[in-house]
Amino acid sequence: MVQCPDRIIASIDTGVDDALALAYLLGSTDECELGGVIASYGNVDANTAYANTCAVLDLFGRADIPVFLGSEHPSWADAFIPDAGCAQFHGDDGLGNTRLAGSGALADGACVSGDDMSVDVPDEVVSVGGYLAGDVHAHPALGACSRVNRSRSVGHPQSAMPTALASGGKRRCSVDAADGIEYLIEQVREFGRDVTVLATGPLTDVDAAITRAPDIASKLRLVMMGGTLTQPGNCWDAVAETNIIQDPEAANRVFHSGADITMVGLDVTHQCLLPQSAADRWRATGTKRGRFLADLADFSIKANLEADPALFSGGMPLHDPLAAAVALDSSLVDCFDLALRAETNTSDFNGVRGRTTGDPVGLVNHSMPHVHVALGVDSGRFLDEFVERMAEVCR
């Protein structure tokens with residue numbers, strides 16, 4: 001009996017490591033079928049994530065894979081502005097300033113630069129990289145735009161498919177892409193846990209799907225990159241992790257939804273560092289794909305080394321690629337199961353917003369949903385397989 005490859009649906013905010021994760025999945029066709037990609041806000045705005053996703057898939061000859069537009073802002077806000085910290089680690093275009101998808105500044109609406117936090121609609125609640133506009137930690141990326149004052153009409157995923165793909169050539173990216181949330185719902189309803197939802201950005205898409213269709217929660221298998229349990233975070237307070245701080249409310253609801261969730265957080269991704277020798281190997285292939293992947297790695301290795309020379313002296317942390325690998329092979333990580341919550345407030349007896357921690361109610365109510373939190377990783381095996389597979393996909 002021939003075993004069918006795993007089916008993967010990805011919800012991503014396509015930055016540097018998201019692009020590496022995509023390339024890894026495209027090089028794993030014997031193990032997985034990438035059924036579709038939902039592009040959301042996070043490292044960049046949703047429009048840029050959409051264009052970046054299309055560009056990466058086209059570069060690797062997979063214009064047949066549908067791309068959908070997902071959430072454009074967190075559940076707690078009306079609009080989103082990319083953060084300067086994300087630009088530091090992903091570049092102005094989200095792809096290490098490679099300009100694979102053009103300028104990368106695809107969103108329209110209210111633009112900000114430097115300390116200018118004005119938007120077109122004063123009543124809008126605006127998130128700047130997970131922080132409320134005006135918060136001391138809210139630092140917009142230069143030239144970042146928020147899609148304030150713009151609505152998007154979406155159609156049924158199936159009816160929109162022809163406009164998302166271009167037969168015989170590159171797809172034509174359009175902000176009138178099909179509704180990614182509805183696509184996620186349809187996939188889980190059709191395949192149940194035979195499809196894995198891989199989330200490498202904020203959990204807003206997954207939360208929106210469960211909110212719209214609560215029946216899918218018990219059928220949903222989710223592997224997510226985000227959070228941290230035993231290590232410091234990577235946000236301003238050194239407690240929260242970036243994907244969680246973007247939308248802690250959404251993350252907390254997903255953690256309590258009853259879905260089968262594996263959390264691949266900083267506890268394990270900081271143990272998986274891509275060395276410079278890997279980028280050099282990819283560049284040596286002499287192909288456009290190899291140069292692109294090497295450029296991504298070079299940019300991230302330099303940015304991480306400058307941010308923390310002690311922690312990242314060995315290379316860039318493979319956050320999203322590790323989550324993608326775990327979606328295909330759960331034996332790469334050792335997990336600790338516990339009732340998990342994301343803190344939604346910063347105050348006395350509440351903790352710090354965005355922190356992922358055990359839910360104390362789970363200590364007395366053992367029927368609460370538990371999350372598989374990855375705390376151990378076979379980093380050597382993962383790195384060897386990742387570097388080798390990416391070298392193959394470069395050709």
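Partly exposed here means a relative accessible area between the limits for buried, under 20%, and exposed, over 50%. The model shown in these views is predicted.

**View A. Salt bridge between R253 and D207.** The closest N and O atoms of R253 and D207 are 2.9 Å apart. Because R253 lies in helix α8 (residues 248-255) and D207 in helix α6, the pair ties together parts that are 46 residues apart in sequence. R253 has a relative accessibility of 41% and counts as partly exposed, whereas D207 is buried, with a relative accessible area of 6%.

**View B. Salt bridge between R212 and E182.** In this pair, the closest N and O atoms of R212 and E182 are 3.3 Å apart. R212 belongs to helix α6 (residues 204-212) and E182 to helix α5 (residues 180-191), so the contact ties together parts that are 30 residues apart in sequence. R212 is partly exposed at 44% relative accessibility; E182 is also partly exposed, its relative accessible area being 24%.

View C. The side chains of E306 and K302 meet in a salt bridge with an N to O distance of 2.7 Å. Both residues lie in helix α11 (residues 288-307), four residues apart, and are therefore separated by about one helical turn. E306 counts as exposed, at 55% relative accessibility.

**View D. Network of salt bridges.** Salt bridges link D329, D378, R381 and E385 in a network. For the model, the count comes to 17 salt bridges.

Terms used:
Residues numbered from 1 in each chain as written. Predicted model: local features only at pLDDT ≥ 70, side-chain atom pairs only at ≥ 80, totals over all residues. Heavy atoms only, no water. Salt bridge = Lys/Arg side-chain N within 4 Å of Asp/Glu carboxyl O. Helix = DSSP H or I, 4+ residues; strand = E, 2+ residues; numbered from the N terminus. Buried < 20%, exposed > 50% of the residue type's maximum accessible area, 1.4 Å probe, protein only.
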